[in-house]
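Colleague: I have not looked at this one before. Can you walk me through it?

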Amino acid sequence: MEESYTPTEVAVGIFVIVGLAALGFLSVSLAGLDLIPSEATRLQARFASVGELKRGAAVKMAGVKVGTVSDIVLKDYAAEPMLEVDPQLELPDDTIASIRTAGLLGESYVLLRPGGSPDNLKTGDRLSQTEPAIDLIDLVVKYALNSGDEEAEEEEKDPLDDDEDEDLP
């Protein structure tokens, strides 16, 4: 007994298969996975603190994404992220890497600022100049404590003690 499918059943089957393929592609894309590994220039950097930097974070230059953070390890009490950048990008060996935050409470990313050296970085090289992440909470606490000290100093000053009178004859 031979089964034959109606054109509507075939169309529904094709629609379901295309829908599942699109869903799979979107899932992989949103997860940030590469189905085909790309050749990238792998660079190391060493930071005293990476703050909230995570694997998969963007590596940017002049506001343009040029790579990602592929891994972060702790080595000799310092954080060492592995950066994978576009292989067509030629970075001078005095490039500065700093950790920044997108907006006030946004995600952290690595900002690359090229230097002026004629020699370029190659895969496996380490960025020699880095700037660690700035902790927003520490800045707020430091500012709050400093402004509190200034107010306390002003209160301790004797209001009757007027230095302007010393200039009079």
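**Surface and fold**

Modeller: The accessible surface of the protein chain is about 13000 Å², and carbon and sulfur atoms hold 57% of that. Keep in mind that this is a predicted model.

Colleague: How many helices and strands does the protein chain have?

Modeller: Two helices and eight strands. Along the sequence the pattern reads α-β-β-β-β-β-β-β-β-α.

Colleague: And what share of the residues counts as buried?

Modeller: 21% of the 169 residues. As for contacts with a separation of 6 or more, 61% of them link residues 24 or more positions apart.

Colleague: Which residues make the nonpolar surface patch?

Modeller: Leu104, Leu105, Ile134, Leu136, Leu139 and Val140 make a patch of about 660 Å².

Colleague: Take Ile134. Where is it?

Modeller: Ile134 sits in the loop between strand E8 (129-131) and helix H2 (136-156).

Colleague: Is Ile134 buried or exposed, and why?

Modeller: Exposed, because its relative accessible area is 63% and the cut-off for exposed is over 50%.

Colleague: Why does Ser117 count as buried?

Modeller: Its relative accessibility is 18%, and buried means under 20%, so Ser117 falls in that class.

Colleague: What does Ser117 touch?

Modeller: Leaving out residues up to four places away in sequence, Ser117 touches Pro92, Asp93 and Asp94. With Asp93 there is a side-chain to side-chain polar contact of 2.7 Å.

Colleague: Which backbone nitrogen lies 3.2 Å from a polar atom of the Ser117 side chain?

Modeller: That of Asp119.

Terms used: Residues are numbered from 1 along each chain as its sequence is written. This is a predicted model: local features need pLDDT of at least 70, side-chain atom pairs count only at pLDDT 80 or more; totals for chains, interfaces and linings use all residues. Side-chain values use heavy atoms; hydrogens and water are left out. Patches are made of residues with over 30% relative accessible area and no salt bridge: like charges are joined within 9 Å, nonpolar side chains (Val, Leu, Ile, Met, Phe, Trp, Tyr) within 5 Å. Accessible areas come from the Shrake-Rupley method with a 1.4 Å probe; for residues, only the protein chains shown count as cover. A salt bridge is a side-chain nitrogen of Lys or Arg within 4 Å of a carboxyl oxygen of Asp or Glu. Helices (H or I, at least four residues) and strands (E, at least two) are DSSP runs, numbered from the N terminus. Buried means under 20% relative accessible area, exposed over 50%, partly exposed in between (1.4 Å probe, protein chains only). A polar contact is a pair of N or O atoms within 3.5 Å; within protein, one must be able to donate a hydrogen and the other to accept it, and residues adjacent in sequence count only if both atoms are side-chain atoms. Contact means heavy atoms within 4.5 Å.
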